[in-house]
Amino acid sequence: MLASVKTPDLKSDKCEDYAYFVKNFPAEILAEPFRKEIFENTSGLIEKEMGKYEKAMKKKKS
């Protein structure tokens, strides 16, 4: 998985309707950690794959 973020648990005694859910559990609190994690993991994956590619190209030229 490129992004696996463990966010803190949000507990509620009741959930009356969708508006209550959106008001008390906004998506922004989950979006930012996910965005940060996906960016870091994708960057790491790209660096790793580019290293493999460059190594393969050096061998190919030799």
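**Entry 1: Lys52 and Glu49.** I began in helix α2, where Lys52 and Glu49 are three residues apart and so separated by about one helical turn. This is a predicted model, and in it I found that Lys52 forms a salt bridge with Glu49, with the closest N and O atoms 3.7 Å apart. I then looked up how open the two residues are: Lys52 is partly exposed at a relative accessible area of 48%, and Glu49 is partly exposed as well, at 39%.

**Entry 2: Glu32 and Arg35.** My search of the whole structure gave two salt bridges, and I turned next to the one between Glu32 and Arg35, whose closest N and O atoms are 2.8 Å apart. Both residues lie in helix α2, which covers residues 28-61, and they are three residues apart, about one turn of the helix. I noted that Glu32 is partly exposed, with a relative accessible area of 41%, and that Arg35 is partly exposed, with 47%.

**Entry 3: a nonpolar patch.** I looked for nonpolar surface and found a patch of about 340 Å², made by Tyr18, Phe21 and Val22. Tyr18 belongs to helix α1, residues 18-24, and I listed Tyr18 as exposed because its relative accessible area is 65%, where exposed means over 50%.

**Entry 4: the whole protein.** Stepping back, I counted two helices and zero strands in the protein. Of its 62 residues, 3% count as buried. I also recorded that the protein exposes about 5,900 Å², of which carbon and sulfur atoms supply 59%.

Technical notes: Residues are numbered from 1 along each chain as its sequence is written. This is a predicted model: local features need pLDDT of at least 70, side-chain atom pairs count only at pLDDT 80 or more; totals for chains, interfaces and linings use all residues. Side-chain values use heavy atoms; hydrogens and water are left out. Helices (H or I, at least four residues) and strands (E, at least two) are DSSP runs, numbered from the N terminus. Buried means under 20% relative accessible area, exposed over 50%, partly exposed in between (1.4 Å probe, protein chains only). Accessible areas come from the Shrake-Rupley method with a 1.4 Å probe; for residues, only the protein chains shown count as cover. Patches are made of residues with over 30% relative accessible area and no salt bridge: like charges are joined within 9 Å, nonpolar side chains (Val, Leu, Ile, Met, Phe, Trp, Tyr) within 5 Å. A salt bridge is a side-chain nitrogen of Lys or Arg within 4 Å of a carboxyl oxygen of Asp or Glu.
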